[in-house]
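Me: I am new to this structure and would like a close look at a single part of it. Please take one chain and go through how its parts touch each other.

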Amino acid sequence: MNQSGIRMVKPHTDESTLVHMSATDEDKFAACVHCGMCLESCPTYDELGHEHQSPRGRVHLMKAVAQGKMAISEAFADPVFTCLDCRACETACPSGVQVGTLIEEARGQIRETLPLTGWKKTISRTFLRKLFPYPARLQVLGKALKVYQRSGLQTFARKTGLVNLAPQHLRDMEAIMPMVTEPTLTKYPHGIPANGKVKMQVALFTGCIMDVMFSDINEATIRVLTRNGYEVEMPQGQRCCGALHVHAGDREEGRRLARQNIDAFLEADPDKVIVNAAGCGCALKEYPELLREDQEYRERAKQFAAKVEDVSKFLHDYGYRKPQGKLNARVTYHDACHLAHGQGVRREPRELLESIPGLQIIPLPDADRCCGSAGIYNLTNPGMAGKILDKKMENMPAEAELISMGNPGCMLQIAMGVAKCGRNQQVVHTVQLLDWSYQKEGRYVPAEEV
Amino acid sequence: MKGTKDSLVGELSAIVGSSAVLFQPEDLLAYECDAYTIHRGMPRAVVFPKTTQEVAAVVKHLYGKRIPFLPRGAGTGLSGGAIPLGGEVIISLVRMKKLLHVDVENRIAVVQPGFVNLKLTHSISDKGYYYAPDPSSQYACTIGGNVAENAGGAHCLKYGVTTNHVLGLEVVLPNGEVIELGGAPDMPGYDLLGLMTGSEGTLGIVTKIMVRILKNPEEKQTVLAYFDKVEDASYAVSDIIAAGIVPAALEMMDTVAIEGVECGTYPVGHPPGLQALLLIEVDGIAAGINEQITEIVGVCKRRNVMDVRVAENEEERGRWWANRKTAFAAMGTISPDYLVQDGVIPRSRLPEVLASIRRISETSGLRIANVFHAGDGNLHPLILFDARKPGETDLAVEVGSAVLKVCADVGGTITGEHGVGIEKREEMRYVCTDEEIEAQTRIRTVFNPHNLLNADKLFPKPSRCAEIKIIQSDR
């Protein structure tokens, strides 16, 4: 029987594209038996219906590249970069194919072979290599944003229509940009002591964008942790997790940041490393994969990753006092991909919400379907991201006043969706709701509820 | 059309729009096979129509130019029915994925062919209804594909296969003509609906399907039974049926299959060292279910069961089924490739057939996992191999053929629900005489006179002069 069948693609003869530092891992793609069980889980396949824009199709192309049947070209790059890296296919896959890791490896392979050029290169390098890795520079940007928001410049730009000069998706984003506050990493250089008896010592991973755009969530996380007897350390050597770099195919910078974080956190030696951004948490847990060929850091990466825990899972597993402050509101919960599919955390955040008095939980259909944020996907692929967001908003129950989740990227994206639909719903982090409930009980707790 | 010398691409784009045509070799590569990966072939292009009119216009155009074509759904087929062998244009129906109509009173649903099987049940479950045929790929496979292959599933023992649930079809014939078959109520005359269902995309392209939907059973209970002898499990299967029980499902897995599913994404925690397990489900009106369960447990005990339990709740039941339904794909955890066979045998011959399969496995050196719908004698031996090892793919194909020969020799047949496709064309000779094959190709000719639609599938390559003559005179 003719195993290879008829082929129109000529075997690729240039050996140089076959040997890569970050070639996709054969054992990982060999686990795919081409059954197609992943298809329906994939948001891009759902939109396009193209086999090569499905998890199975992408893995098929990776195999073809590894076997030299297909060149590393734009035609390979397009499906690989159209992937949201949402990992929904990993939940669906009966064989446990690590599609996310394969995609990230393939992106590394593509960027080694087809480096970015022109303005794309400039923008990518500026953000990935010159901005995200440096907390000080991000803070300068944060301060600039603060000036923009508070000096009246934002109002001016919006009123005069200056803001309309930006592309639509950037304008949408500008419209929902949260108010910038002071980053927690610099605010608490010596950490924050626990209230009362110390149950455990934890270190907070503050995140790069998170600490500039959403430092109030970091503040809430710190309050909830310390209130429950967890001493919070703030290792000052920590940097961006590198997820955006790995997603973009810049594995080298991703590894550099990984080593730096491993050093910073292992030196502080906390019992656990707490993360409140699902994307970062997933990336930190996958350092052993990223550094599997690094003799020096391989073991340290495993040691570090074993400590990493999402804040909702940590509170659920290690205990928290049930809050008493009543929040009379209707809330719905969106599963961030990198929490549900990436880390298998689904039940815990819902249980946190259920523990809050007065909060009525409204189910969100297809709650674990990607919202289109996917790191910086909504900036690099705005068209597709917009369509996926529209689907998310169609499912979003109108009666919910609050939309809760565990990832800042999703928060920005869904806030944009809320604004686009002209709705009046507030997007919050799960831990913020817990914090509000605690804060409310501080002022007044009716006797029958204590 | 920019980027191609093939004028056909422009012509197809004029019908469906340029965003609905793929033609670059790199974009087509993912269409070189479906879930049957042993045979591969590149299509000339892939088109994505959104309406029946677009399908008809595309087909008419291709027919006029005598260009071969074939339909494709989700591409989860296991016999290669959607693989192009002669540079066909693939008509992908995945963008025709609407649920068109639900009529609970008359228990009818109408769907487009690209609508996914499980989505139908999800869409009507709040009304208390479901769609019975449940192939293991139901998370992804389309109902159009189910009709083409006459798909089965775990619950077909009691409820029947796709053909028992299809009430009407809209079909684009290979010349582009649109016809309607069946409908409610049932029409007198030849059962063309039955002919079209399971024709593996060789008689027409289905563009609309009316199916029967069922009311959820009042009660449902599931039993899991572990055995340390395959023979005991096999006899238990026969005894359950002999006791007059018609289980909704009666499934079996052997040692290697259990090893695979336990390494997969949905492990149950089956104890090691099992020779076989049975998954048995009974459903219906609540009265009598408990008696049936008692009877089933009794049968298992008389057949030396190691352990037998009833699912305590819906969650446990769900975990058992997820484990079973992902069995094929979970083989990826213990083998890089597998070939799944689809033989059917009389239930009573199960022990001897399993012994023969074991001998074939030992002689060939390839491991075989057995997962099957034991209740209706539909075997799925999964032949594990590594395509990277020279000669192993061919060996797997030979082993598969030998297994089907065993099935045919005990009075069974070569396919229960996966179809013949490319995979079992030659094995058709195990169960059909030359005259029977010729009679069927003549029927095909009535619908598909130039054999442009999914040629070279379902029947063995012509072996007799007469048949060759028929085909030559058709071209």
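How many residues of domain 1 of chain A are in contact with residues of domain 4 of chain A?

Reply: This is a predicted model, in which local features need pLDDT of at least 70, side-chain atom pairs count only at pLDDT 80 or more, and totals for chains, interfaces and linings use all residues. Residues are numbered from 1 along each chain as its sequence is written, while chains are lettered from A and ligands numbered from 1 in the order in which they are written.

In domain 1 of chain A, 11 residues are in contact with 13 residues of domain 4 of chain A; two residues are in contact if their C-beta atoms, placed from the backbone, lie within 7 Å. On the domain 1 side, helix H2 (43-48) and helix H5 (88-92) of chain A each give two or more residues. Helices (H or I, at least four residues) and strands (E, at least two) are DSSP runs, numbered from the N terminus. By class, that side of domain 1 has 4 nonpolar, 3 polar and 4 charged residues. Ala, Val, Leu, Ile, Met, Phe, Trp, Tyr, Cys and Pro count as nonpolar, Asp, Glu, Lys and Arg as charged, and the others, Gly among them, as polar.

Domain 1 covers 15-113 and domain 4 covers 323-449, with bounds from an automatic or database domain assignment. The C-alpha centres of these two domains of chain A lie 30 Å apart.

One residue to look at is Asn381(A), in the loop between helix H22 (377-380) and helix H23 (382-395) of chain A. The C-alpha atoms of Asn381(A) and Cys83(A) are separated by 9.9 Å, although the two are 298 residues apart along the chain. Asn381(A) counts as buried because it has 20 C-beta neighbours inside 10 Å; the cut-offs are 20 or more other C-beta atoms within 10 Å for buried, 12 or fewer for exposed, and in between for partly exposed, with C-beta atoms placed from the backbone. Of the 450 residues of chain A, 50% count as buried.

Chain A as a whole has 25 helices and 8 strands. Among its contacts between residues at least 6 apart in sequence, 79% join residues at least 24 apart.

Chain A also touches chain B, through a contact that takes 36 residues from chain A and 43 residues from chain B. Helix H3 (55-66) and helix H4 (74-82) of chain A each supply at least two residues of the chain A side, and H3(A) gives the most, with 4 residues. The chain A side divides into 20 nonpolar, 13 polar and 3 charged residues.
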